[in-house]
Amino acid sequence: MSATDAAEAALDSPLNSKKVRRQRPEGKADRAKKVLTSKWATAGAIIIAVIWTIPTAGLFITSFRPADQIKGSGWWTIFQNWGFTFDNYAEVLTAQGASSANLSSYFINSIVVAVPATLFPLVLASLAAYAFAWIKFRFSAAIFIGVFALQIVPLQMALIPLLQIFSGALGISGTFPAVWIAHTIFGLPLAIFLLHNFISEIPGDVIEAARVDGANHFQTFFRIVLPLAMPALASFAIFQFLWVWNDLLVALVFSGGGVDVAPLTQRLAELSGNYGRNLHRLPAAAFISIIVPLIVFFSLQRYFVRGLMAGSTKG
Amino acid sequence: MHTAHRRRGLTAVALAGAAGLVLAGCTSGGAGGGGDADCSDYEQYGTFDNASVEVYATIIDVEADQLVESWADFEECTGITIDYVGTQEAETQINVRVAAGDAPDIMIVPQPGLLQRLIGDGAVVPASAEVEANVDEFWSESWKGYGSVDGTFYAAPLMASVKGYIWYSPADFEENGYEVPETWDDLVALTEEMADNNDSQTYRPWCVGFGSGDATGWPGTDWIEDLVLRMHGPEAYDQWVAGELPFSSPEIQEAFDAAGEILLNPDFVNGGFGGVESINSTTFQDAGLAILDGNCSLHHQASFYEAQWGEDVEVAEDGDVWAFITPKVDADAGDSVTGGGEFVAAFTDNEETDAVQQYLSSDTWANIRVGLGGVISANNGVDPSVAGSEIGAQSMEILQGEDTVFRFDGSDLMPAAVGTSSFWTGIVDWVGGDSTSSVTARIDASYPR
Amino acid sequence: MGVGPVVAQVAEAVQHVLPTARRGDFWGATIEKFGVLFIGLAAFAAVIGLVLFFADRTPKKMRDVVQLTAFVAPALLLLLVGLVYPAIQTVYLAFTNRQGEWIGFQNFVWMFTQDEILQVLLNTIIWVLLVPALSTTIGLAYAVFIDKSAGEKVLKSLVFLPMAISFVGAGIIWRFIYEYRAEGYEQIGLLNQIIVWFGGEPRQFLIESPWNTFFLIIVMIWIQTGFAMVLLSAAIKAVPTEIIEASRLDGANAWQQFWNVTVPGIRSTLVVVVTTITIATLKVFDIVRTMTGGNYGTSVVANEMYTQAFNRAEWGQGAALAVVLFIMVLPIIMYNVRVMRKQREIR
């Protein structure tokens, strides 16, 4: 349990309530005052926030400017060179030919790739994490550490052996399942590690109580562990979803590059590869690719932090 | 993925989309039909049930649409479905797919260097006798040679382009009394004349752009290749490309310095974009457009640059822009040009794949595809007038000409470590101010052992 | 276990579905793609469900083993096939040439004698020194600056936002910042415009070596700072107020409080943050790939490995670079394993 939780628990205790309640608001106000009165801190925060925001904001403005203005002047001159258009978005979303698809199709591909590629490792890793945390077996610690260490394998090197299996034994190269399985494998080490950290922090008494009641591992897992591990599951789900959605390399190899499977990032990289000619399409295309991760991210970000913090807050 | 070709192939798109499709109607009219194709031309390929062939290539966008269109009748008449997969990463991914045993049936290989390596790895299936017969009939010996290794013929040429055009505005020339130069010295003299006439801050005789994303520098290699071929002849060129004549040899350094007379002179470049240093950051697509604003008079780029001019610009001898081939150095020497092209390599040994290969090497296909516009072919069975544009027709005449010495783009033939890597970056460094001797020495050092 | 048959079935379903989803028919294709998605999810759920069901029903004697297998085997099997085996194969490949013949340490000799590759290694070291240090420092500073201030959530989101953007997207965003036009022309890249406003000469940020590496590094820092900031911010809030209060009463100033109380309190989070960012940095590929393609002396090991192996088909040299990458990450992993061991012992 983290220190804030402990503090909150103390807060709820009726015996201490007066004393604590008096103390905390004071402490809080005190700290806030200190930060806010420090000119340097305020200035620093503003500078960082501005620097971090400008690149994206600039691109956002650019994406609504007419093509010749994008090529001719910077977005900060928007007021001197006024121009506003949805043409860039309309063009990238709908333009297509006999051999290529429009951006909407790649958008759909990205969704079809990302959902299973997030859920599969989540399920498999939560099962494994439970086993590592609460089932006693030989070499459990060693295997767990081995799994953790697998994070160092550069996935570039795993591409060919996997593709060999997909195209040979399974015959699925260039299809969605190939991309799902590849992402599942590459996501597992981090997933098992994160979920294990969280699941192993569930108080032993809770698990014991369930066992005493006659629950077997499956019942314990589904009734006790899964509900309690929700923040960690959500956290990893966001992590993996962002990773899959934003991935270029895995998609490149396992989707076969065809328009039926290739995700947005791949199309974006191609547009970007022909930078000069696509200058006016790129900002709009980039924004379309950013929308979904932003929504996922902002709607779930509080879980994100809670899940990741497990195992790292104790001294 | 690092090849100039990928970019070069892509540029033909704008023209293809606009003029090409219209012209298709009046010239060939063969492709893109519905259910009423005339199948007599396709009987020789046989008919198949449920056969499909994957064609993998770097070609995307409108160019790819036209490619798909060009075999629509073939698909309908033979029953073979051609699954076209186009991605700019194909040149890299083909190595992965071959290594994993997941090779496509056919790949359109955009540069001979890669083709030779794939053949060397034993991945490519030799072409059938019928394909070879087509190539013997329709292509010159040198084109066949790029698709062969140790006397075995593997891959037929597909489309082509002519390098070394110098684009200009006929109106600008007429107004100022400029003549199209006959020799390289004339060209330099013309450049000087233009610089002397200049009274504008932004005008320079030449506009140059070597920028091309991660392939930046490749347009510069075309300059060097043109000059090596014209200054020292085809034998020296072949030796240089084969790695026998090093970059640091006097011959090649001379070619760099000759190009440098123009490229490194701030009075001559870079019209509409700035000084010498702006060459690397100006994209090759944008560079020539400065001719239209009157910011420059000359731009060196291949035949496919036609596509960049846009719909409103007439490309003709008496139009808005036109081009002449980089002139020869020795007035008495014969004509010579450099160019590029693609090759059709098969990785699967079966009848349907062979049928597709045969079709793509035929004059039937070449006529249909050239008729759709945007590209040209070195296939002798195509009448240059089929080409959708004057520059295309002229380029095809050059390619098919008996007395023109043709040499393939050198950087596409060199090992990847040089041709798509150190040669490009060498050009970038050279434009950035490094000496010819240090740049050429560095390129030599990058040759694989 | 269980995955093979599903995969084959799904593949078959896909093959049935896709040929009809021809290009041009957007809605038809979309419906069919979602069909594949649904079949995939259903098949996965069915297999996992069946495995668990039968493992649950096994006779008591074997139940422990079977249950354990059902829990860990699917994940371990996939890891074995997808990561362990490739890792072993890579190490082997690193000692072979293009023809697959054993050549001892030649690939490593090659690596350390080529100026280009030495540059790549040097670049990687620069990346791995700068990105974790700067991202963590800036993230921590920002977390402290905005702690308990009004609008903290919004301020956090601003810095957090780049985390959600793909490397490819970030590459595009930053190319618009670094865009160059020659002197005297209207700049469309913000950075050059600022330089020009201050009377400077526009620079080609992505081309001029060695500074271009630093401009790529900035992009990575831009992405990673949000991650550091969010975790550290949560950790700071977990430091008990009482301790800070106590140190304040002892007369410590704000800096001393931060350094003597806050930093020790968030030490383990710092380790996690630095580790994660370091590993991400060592593996950085997309940024370099999409922004410079590794040209102009900006390549890093992960990119060079890809170029050597896939672009040039020099598998041995690519694999040797991968091994170097293993070795570079190893100390970090070992440190973390030690920390993990300690934690397990406490438990």
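pLDDT is the predictor's confidence in each residue, from 0 to 100. This is a predicted model, in which local features need pLDDT of at least 70, side-chain atom pairs count only at pLDDT 80 or more, and totals for chains, interfaces and linings use all residues. Residues are numbered from 1 along each chain as its sequence is written, while chains are lettered from A and ligands numbered from 1 in the order in which they are written. For the complex, the predictor gives an ipTM of 0.81 and a pTM of 0.81.

**Confidence in chain C**

- The mean pLDDT of chain C is 83, and 92% of its residues score at least 70.
- Within chain C, helix H5 (residues 115-146) has the highest confidence, at a mean of 92, and helix H1 (residues 3-17) the lowest, at 51.
- Helices (H or I, at least four residues) are DSSP runs, numbered from the N terminus.
- Residues 14-23 of chain C stay under 50 in pLDDT. The model has 16 contacts for them beyond four places in sequence (contact: C-beta atoms, placed from the backbone, within 7 Å).
- Where pLDDT is low, the predicted coordinates should not be read in detail.

**Chain C against chain A**

- In chain C, 101 residues contact 103 residues of chain A.
- Helix H3 (residues 60-93) of chain C gives the most to the side of chain C that touches chain A: 16 residues.

**Domains**

- Bounds come from an automatic or database domain assignment.
- Chain B has domain 1 (4-162 + 340-402) and domain 2 (165-301 + 415-445). Their C-alpha centres lie 31 Å apart.
- Chain C has domain 1 (3-93) and domain 2 (108-346). Their centres, taken over C-alpha atoms, are separated by 35 Å.

Terms used: Helix = DSSP H or I, 4+ residues; strand = E, 2+ residues; numbered from the N terminus. Contact = placed C-beta atoms within 7 Å.
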